[in-house]
Amino acid sequence: MFGLLRPALFTLDPERAHNVTLAALRTGLVPSFGAPVAGLGVDLLGLHFPNPVGLAAGFDKNAVASRAMLKFGFGFVEAGTVTPKPQAGNPRPRIFRLREDRAVINRLGFNNEGHDAFARNLDRQRARKPGIIGVNIGANKDSADPIQDYVVGVMRFAMVADYLVVNISSPNTPGLRDLQARSVFHDLLTRIRTARNEAVARPPLLVKIAPDLTSSELAAIVEVALDTGVDGLIVSNTTIDRPPSLRSPLASQTGGLSGQPLLGMATDVLKQTYRLSEGRLPLVGVGGIASGADAYTKIKAGASLVQLYSALIYQGPGLVQNILRDLRTMLDQDGVKSIGEAVGADAGA
Ligand SMILES: Cc1cc2nc3c(=O)[nH]c(=O)nc-3n(C[C@H](O)[C@H](O)[C@H](O)COP(=O)(O)O)c2cc1C
């Protein structure tokens, strides 16, 4: 089906194509994609994930399509990034397809409808418990106290999120990534954790980091994360780097690069994170996954779960089942009985 629709979607500006897709998905009239692939379950963060392949944040910023995306076979979906107040984001155009590179550049800037609308939408998406839905929270661009925006996000969504993600790694909100600096990061996490611990429900709290950190910045993040009791790290967001291999004329657009060219780089940071944390922090591997082999590479590099977004733009939702089937085959070939057994096998820890 996607094969038939793709040429039409690709004639549209990427953001229009996305909005058309979301409009179709929010109707909920989506067929389930085949039987679940067995033997891929992961027990982590106090949750049972039916499989380790999740939808990364940014696809469903306002929690209108999480239910439909779960039907495509994702083991979990991360909605958001959501900020306290609605905001328009940067001027359009702000999403670019780098077709020659199987990549995307975006400089959306946290366009979203804000906490209130998100909460109403999420309520509908969660009716009859369709699966695991995480909530990815951020700060408004004009916020006088960005840390407080995260605290408010935690308090607002602790009751309804299966897990929470503190996104301090988008390159498109000025100053946001500075929250990754050691002393600010420590303050941020201490305040957020206090807010989470005071909430009636205490969902696991993860932090999503950038792939552009230096080794010492990464080491500080891991140390503070372990110190403050963060439940896991998501590695990684989009990169501001532009690898010389890029061929598309759109490569010079400002924003975060995702998709195939991010794979090696984000996997290296993942491996480094796994080694630094000595396997003590659950890690979610994201960046450039477009096949079962890519997902397996992330798992062996140290990820207990993986996520993807950009490859969906090029391959459509059938990709999820292909990844799950291939992953199962590869585990069997290696004589590995569960995902957990393979985590970090190639990290050299
Ligand atoms: C159009 C677009 C919008 C995104 N928006 C968000 C976002 O709101 N919050 C976030 O944490 N990550 C966001 N991301 C980053 C993805 O979640 C993911 O970390 C990154 O794209 C790398 O994965 P991929 O190569 O599979 O796309 C966005 C990515 C894209 C392509």
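Biologist: How far does a backbone N or O atom of alanine 57 lie from an oxygen atom of the ligand?
Modeller: This is a predicted model. Ala57 is among the residues that come nearest to the ligand. From its backbone N or O atom to the ligand oxygen, the distance is 2.7 Å.

Biologist: Which residue puts a side-chain N or O atom 2.6 Å from an oxygen atom of the ligand?
Modeller: Two side chains deserve a look here. Lysine 61 has a polar side-chain atom 2.8 Å from a ligand oxygen. The 2.6 Å distance belongs to serine 310.

Biologist: How much of the ligand's accessible area does the protein cover?
Modeller: On its own, the ligand has 600 Å² of accessible area. Of that, the protein covers 98%.

Biologist: How do the residues of the shell around the ligand divide into nonpolar, polar and charged?
Modeller: There are 24 residues around the ligand. Thr81, Lys208 and Gly288 are among those that come nearest. By class, the shell has eight nonpolar residues, 14 polar and two charged.

Biologist: Which strands each supply at least two residues of that shell?
Modeller: One of them, S4, belongs to the barrel. Two others, S6 and S11, belong to the open sheet. With their residue ranges, the strands are S4 (76-82), S6 (103-106) and S11 (256-259).

Biologist: In what order do the eight strands close into a barrel?
Modeller: The pairing is parallel. Neighbouring strands are turned by 25° against each other on average, direction ignored. The order is S3-S4-S7-S8-S9-S10-S12-S13.

Biologist: Which residue is the bridge partner of valine 235 in S12?
Modeller: Strand S10 covers residues 232-235, and S12 covers residues 283-286. The two pair in the parallel sense over three bridges. In S12, valine 235 has as its bridge partner glycine 285.

Biologist: At what angle does helix H6 run to S9?
Modeller: H6 spans residues 182-198. The helix lies across strand S8 (163-167) and strand S9 (205-209). To S9, its angle is about 150°.

Biologist: Which strands stand at the edges of the open sheet?
Modeller: Three strands form this sheet in the order S5-S6-S11, with antiparallel pairing. The twist averages 25° from one strand to the next. An edge strand here has a single partner, so one side is left without a neighbour in the sheet. That describes S5 (95-98) and S11.

Biologist: Which residue in S6 stands opposite phenylalanine 96?
Modeller: S5 and S6 pair in the antiparallel sense over four bridges. Opposite phenylalanine 96 stands isoleucine 105.

Biologist: Which residue does a cis peptide bond join to threonine 81?
Modeller: Most peptide bonds are trans. Threonine 81 has its place in strand S4. With omega of about 10°, the cis bond joins threonine 81 to glycine 80.

Biologist: What is omega for the cis peptide bond between arginine 92 and proline 93?
Modeller: Proline 93 sits in the loop between S4 and S5. For the bond that joins arginine 92 to proline 93, omega is about -5°.

Biologist: What phi does arginine 128 have?
Modeller: Most residues other than glycine have a negative phi. Arginine 128 is found in the loop between helix H4 (114-125) and strand S7 (132-137). Although arginine 128 is not a glycine, its phi is positive, at about 60°.

Definitions and conventions. Residues are numbered from 1 along each chain as its sequence is written. This is a predicted model: local features need pLDDT of at least 70, side-chain atom pairs count only at pLDDT 80 or more; totals for chains, interfaces and linings use all residues. Side-chain values use heavy atoms; hydrogens and water are left out. A residue is near a molecule or strand if one of its heavy atoms lies within 4 Å of it. A polar contact is a pair of N or O atoms within 3.5 Å; within protein, one must be able to donate a hydrogen and the other to accept it, and residues adjacent in sequence count only if both atoms are side-chain atoms. Accessible areas come from the Shrake-Rupley method with a 1.4 Å probe; for residues, only the protein chains shown count as cover. Ala, Val, Leu, Ile, Met, Phe, Trp, Tyr, Cys and Pro count as nonpolar, Asp, Glu, Lys and Arg as charged, and the others, Gly among them, as polar. Two strands pair if DSSP finds at least two bridges between them. Axes are lines fitted to C-alpha atoms, for helices over the stretch in contact, and angles run from 0 to 180 degrees between N-to-C directions. Contact means heavy atoms within 4.5 Å.
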